[in-house]
Amino acid sequence: MSVLTRDEAQTRAQLLDVHHYLVDLDLTTGAETFDSTSTVRFTARAAGDTFVELKPETLHSATLDGEALDPAALTGNRLPLTLTEGEHELTVTTTMRYSRTGEGMHRFTDPTDGESYVYTQLFMEDVQRVFAAFDQPDLKAVFDVTVTAPEGWTVLANGITEQQPDGRWKAATTPLLSTYFVCVAAGPWHSVRTEHAGLPFGIHCRRSLAPHLDADADEILAVTKACYDRFHEKFDEPYPFDSYDQAFVPEFNAGAMENPGLVTFRDEFVFRSAVTVTERQTRAMVIAHEMAHMWFGDLVTLRWWDDIWLNESFAEYMGYQTVNEACADLFPDTWVDFGVTRKAWGYEADQRPSTHPVAPDPEAVPDTASALLNFDGISYAKGASALRQLVAWLGEKDFLAGINIHFKRHKFGNATLADFIDNLAAATDRDVHGWAEQWLRTTGVDTLTPRLDGEGSRWSLTVDRQGSRPHRVDVGVYDRDALDALVLRERREIDVPQEAPLELNGPRPALVVLNEGDLTYAKVRFDETSGATVLKALSAIPDPVTRAVVWNSLRDMVRDGELAPAAYLEAARTHLPQETELSLVQGVLGFARTQIADRYVSEDERPAALATIGEIARALLRRTEDGEAPGLRLTAVRTFVDSATTPEKLASWLEEGTVHGGPELDPELRWRILARLAVLGATDETVIAAELERDPSATGQEGAALCRAALPDPAAKEAAWSALFDTDDLSNYLFTATARGFWQPEQAELVRDYVSRFYAAATALGDRRGAAMAEAAGRYAFPAYAIDADALALGESHLAADTMIPALHRKLVDQLDDLRRALTVRES
């Protein structure tokens, strides 16, 4: 299959003006394939040769202006067209194959009740798996979609759908859309419908999840309506589509997809087990993120994939900011969670060899395969952080004025970075073009370190900057009071680089925190006195956002070899039992458990690390015995389970169906406990099968796959490996579950021989099953716990051969960099 190059897209956009698609899909032809017919009306501005893209199981016919084309002319995914100047009509009839990988038209049969569901995910190049199209974002067109579906199914689409007298479903004609935004979701959906601001709103899930959606419907719809209203306060352009549906769909690869009028979400967001408020907050943020895309991405769309940050960075920033504003009663400070989770993702991505500018040069994104690699912590977290810094520097009023100029000038069209910056510049006297060059066209993370000079009651603060970007930051200056608590002396806003040192009145402060409000994107370090204070008194810092900044600093100091992993664990042991912000507890414990205990300490040091994490979990369990902090208690239980080194307590919880003192075990906790027991060799296939009979749901199937792969038994490992790489029977989710179970730090010797088998197996898998499964193999099936020089050399030799598809290559570049870092931390 040929990937589309930027040059080809530019040439085709100069030749064609695409007007209208009529897409007809028949979903009644069986469980493996469906029939698809697309008719495209377009204008050729001159005579010339071009092509239309499609990836059919069978190409039955194609006609151009009534003349038959030879189906044998289809080469890969391209059907060549020779055009005269003027109007044309192309009709292509195919049989297409359903996907099991979350790409194109994905089909899922629910093991709970046997009901089937299909939905499209047409991002980047996957519209070609559903219907023939001129597949690039700047050839927008109007779409009319009709669908023949089995009896009892409901069909959802970008516009309001109605069932016709002949049984077919017809969607309302869309405004101008890029091809990758077309969406159909069909099945016996359970739906909750309402109306808001004169538009129909709906939320949908598979029938087996109906009680769980109903339980959360009020919250989901309240968040949706609040964000909708807030965006209408911010944006001059009204919501541009005729309805707003949100479908929670099975086996979805991403968190969500911003299809106009029909946003699709992974249906794990329909919570069937207990969750914490931070997990509900994440769902709210994703709802807001996707709604922001209705303007930035859908109404105004990038011209080519080098500007993906225009979609994702904007939606990421607006998602957090809008939930923070519109849903403060439910989620009082989303920026704490952003700082400790999403921002850490950006910092890590920006320090890898694979880093790239937020807005890369067009030449750096020559084709769609390279564009797909940029959906990462740079385009999301770093880009959102840069926008947050821009708002702090520019002011929200001017920022929103520039955004509204952008929408007005480019609505239902396409735009570039240059357009965006010009429109921002039209709303301010500040040098936005200079800001963009320094923030969007560069890579890496600046480091800011305070330097204090003086004596007695006269001190000055100079910020040493390692890097090149300008920063506007808050500086927090703290003293110790008579009870040894930290008290804020003053907070000052400064620009870095400074024109002059910041003069401080009073004695030398106990603590100076740069970027206290977390408004810029930079690593923060401490002067010697502040560093000592942090380790002793971190939990005494009054503002949770500032604590997030400090924890992030300690995190990347560990990663940079500047702070011993044991010192981080000791800080966590000292301060987490007093921490009140749940997102901080989850973030710190997550890093401690998955990075420090599993990767950064040696095999000999690991039991002590797990013991410390277990001690923290027990302290949190004691603190939450009164039942007033259920989210904190749930986090403690999860951490205790994941860190257990002996099976007795876990086995008793599973047998009794409850944690002593609560909570009772729901399906998520039961599978989590069973997975840890499998790792410890304290369960077997009989118990796993019995648990699957108890919970035969899709999530149960995934839990069983993970547990079976985690058993410390050679036959179980070989069976799991064969399922991953020797056949293509596993869906994307079952593949991920099996891979997550396979590699365990406790079983390094058992699976050592599989390390050398991984690269050839993953390369072949990527060639057979494509980018989504290759990325899953690189992310979840990589031997992450083989941390030694030989494993690193083996991986580097395979990368040097460069025989794998780009999605796998990029993921392995990142994995090997993490391995290299883990080795460095262990040696420091």
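Burial first. Of the 828 residues in the protein chain, 60% are buried, meaning under 20% relative accessible area with a 1.4 Å probe, protein chains only. Keep in mind that this is a predicted model, where local features need pLDDT of at least 70, side-chain atom pairs count only at pLDDT 80 or more, and totals for chains, interfaces and linings use all residues. Residues are numbered from 1 along each chain as its sequence is written, and side-chain values use heavy atoms, with hydrogens and water left out.

Overall form next. The C-alpha atoms fill a box of roughly 90 × 70 × 55 Å along the principal axes. Now contacts, that is, heavy atoms within 4.5 Å. Among those between residues at least 6 apart in sequence, 72% join residues at least 24 apart.

Secondary structure. The chain has 26 helices and 28 strands. These are DSSP runs numbered from the N terminus: helices are H or I with at least four residues, strands are E with at least two.

Pairing here needs at least two DSSP bridges between the strands. Inside this sheet, β16 (199-205) and β17 (244-249) run parallel, joined by 4 bridges. Ile203 has Gln246 in β17 as its bridge partner.

Elsewhere, β23 (458-466) and β26 run antiparallel, also with 4 bridges. Arg458 stands opposite Asn505 in β26. Side chains in a regular strand alternate between the two sheet faces. In β26 (502-505), Leu502 and Leu504 form the covered face, Glu503 and Asn505 the uncovered one.

Last, cavities. A cavity is a set of points on a 1 Å grid, over the protein atoms alone, where a 1.4 Å probe fits but cannot get out; lining residues have an atom within 4 Å of a point. Grid points join across faces, edges and corners, and volume is the space filled by probe spheres set on them. How many reach 30 Å³ or more? There are 4. Helix α12 (544-559) is one of the elements supplying at least two lining residues, and α12 gives the largest share, 4 residues.

How values were computed: On a 1 Å grid over the protein atoms alone, a cavity is a set of points where a 1.4 Å probe fits but cannot get out, and a pocket is an open set with protein on both sides within 12 Å along at least five of seven lines; lining residues have an atom within 4 Å of a point. Buried means under 20% relative accessible area, exposed over 50%, partly exposed in between (1.4 Å probe, protein chains only).
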